Amino acid sequence: MWIADSYAKINLGLHVLERLPTGYHRIETGFCFLDWRDHFEVEQAPEMKLEIDSSGDQDIPTDESNLINKAIAALDRYVGLQHNYLIRVEKRIPAGAGLGGGSSNAALTLRMFNKIEDLGLSDDELIDLSRDLGADVPFFIKGKTGIGHGIGHEIEELDIQPDYPIVTCFPDESSSTPEAYRYCQPNPEPDFDLKKTLTQTELDEWRYELVNDLEQTVFPRIHVAGNLKDQMYEFGALYASMTGSGSAVYGVFEQEFVATEAYKGLLELELPCSLTPAGFTPDYGIYRKG
Ligand SMILES: C[C@@](CO)(OP(=O)(O)O)[C@H](O)COP(=O)(O)OP(=O)(O)OC[C@H]1O[C@@H](n2ccc(N)nc2=O)[C@H](O)[C@@H]1O
Ligand SMILES: Nc1ncnc2c1ncn2[C@@H]1O[C@H](COP(=O)(O)OP(=O)(O)O)[C@@H](O)[C@H]1O
């Protein structure tokens, strides 16, 4: 049996620069990791099967619409897989949260089967294969923090994992990515340079410079998300934002004990949340068990 973890991401700022003729948007956004993960177990089986054990009342499809099955199908079309597998996933990352859970699962599936079936595909080949799976998938295939350009799929690797603890909370109301973009007014000339803020500006200045443009379109529809951002500041965050197209919100804290108190406070509200330590690095290993 093979095991591995699929990590969530957050967006550190997100500028919507231009609406493209394809309906997609040219953006720039910082990508970093959270210690919030789904767990995969894969073993050979008589037929291909996906089983999802999801927490709470999440209803994740296990049919061909699941991004894990889409990734398998893309790989099978490209190289032809040798065997069938049972894929079991403990789903902990909330869906429709802006945490990239589906994209992360798709990327891990490509990376796992590349290893299990000894396919020898490069990251660039896997990224090429992932074209129709989602704009966020290349970031998860590379497994390195950085700035996403283009539609978010061109990654400029940069060490931007905050050296501070991060508390993230899902307000239990999913947000639609296409809707968040559709109603957004692109701005080709943002007030602040995202890369400069992420690499040269102190954390306590981020709240004045680092903007997620999609908050404008999501907060008016999902009030709890906006309230949660205010609450992060009340809990003592130095920076708080919605991640991606929402509706999850995170707070970056200067001190571990303040972050821990905020995390405990949010757990009392019975909302799904996570606490990521300062300078977190995900374990991207794919391990053989038994
Ligand atoms: C907003 C972001 C920020 O990282 O993340 P999430 O909130 O989804 O996690 C991404 O841009 C989402 O990436 P992902 O969820 O992979 O998007 P896709 O499946 O490729 O696209 C879903 C839909 O979102 C819109 N879309 C997506 C990316 C982009 N640059 N412009 C867009 O307009 C399109 O309407 C597209 O049909
Ligand atoms: N393996 C998967 N995990 C999570 N969501 C999935 C998966 N496959 C398909 N989906 C669908 O993708 C949508 C977006 O999920 P996700 O990628 O987790 O959120 P987001 O784009 O907000 O980060 C959900 O509606 C969900 O039903």
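## Strand β7 and its sheet

In this predicted model, strand β7 (residues 166-169) and strand β9 (residues 249-252) run antiparallel and are joined by four bridges. Within this pair, Cys169 stands opposite Val249 in β9. Strands of a sheet pair through backbone hydrogen bonds, and the pairing can be either parallel or antiparallel.

The two strands belong to an open sheet of four strands, in which the order is β8-β9-β7-β10 and the pairing is antiparallel. At the edges stand β8 (239-242) and β10 (273-276), each of which pairs on one side only. On average, and with direction ignored, neighbouring strands of this sheet are turned by 15° against each other.

## Helices on the sheet

Helix α9 (residues 223-234) packs on this sheet, where it touches β7, β8 and β9, and its direction makes about 170° with that of β8. Helix α10 (residues 256-268) lies across β7, β9 and β10, and it runs at about 170° to β10.

## The annotated active site

The unreviewed UniProt entry places the feature "active site" at Lys9 and Asp136. Although these positions are spread over 128 residues of sequence, they cluster in space, with a largest C-alpha distance of 9.5 Å.

Lys9 lies in strand β1 (residues 2-19), whereas Asp136 is found in the loop between α3 (123-129) and α4 (137-142). Lys9 counts as buried because 27 other C-beta atoms lie within 10 Å, and a residue needs 20 or more of them to be called buried. Asp136 is buried by this rule as well, because it has 25 other C-beta atoms within 10 Å.

When neighbours within four places in sequence are left aside, the contacts of Lys9 include Phe31, Cys32, Phe33, Leu34 and Gly100. With such neighbours again left aside, Asp136 is in contact with Gly100, Ser103 and Gly152. Gly100 is therefore a contact of Lys9 and also of Asp136.

## The surroundings of ligand 2

Ligand 2 is surrounded by 18 residues, of which Leu67, Ala95, Gly101, Gly102 and Asn105 are the closest. The elements that give two or more residues to this shell are α1 (67-79) and α2 (101-116). Helix α2 gives the most, with four residues.

Sorted by class, the shell around ligand 2 holds seven nonpolar and eleven polar residues, but no charged ones.

Key:
Residues are numbered from 1 along each chain as its sequence is written. Chains are lettered from A and ligands numbered from 1 in the order in which they are written. This is a predicted model: local features need pLDDT of at least 70, side-chain atom pairs count only at pLDDT 80 or more; totals for chains, interfaces and linings use all residues. A residue is near a molecule or strand if its C-beta atom, placed from the backbone, lies within 6 Å of it. Ala, Val, Leu, Ile, Met, Phe, Trp, Tyr, Cys and Pro count as nonpolar, Asp, Glu, Lys and Arg as charged, and the others, Gly among them, as polar. UniProt positions are given in the numbering used here, feature names are shortened, and annotations may be inferred rather than shown by experiment. A residue is buried if 20 or more other C-beta atoms lie within 10 Å of its own, exposed if 12 or fewer, and partly exposed in between; C-beta atoms are placed from the backbone. Two residues are in contact if their C-beta atoms, placed from the backbone, lie within 7 Å. Two strands pair if DSSP finds at least two bridges between them. Axes are lines fitted to C-alpha atoms, for helices over the stretch in contact, and angles run from 0 to 180 degrees between N-to-C directions.
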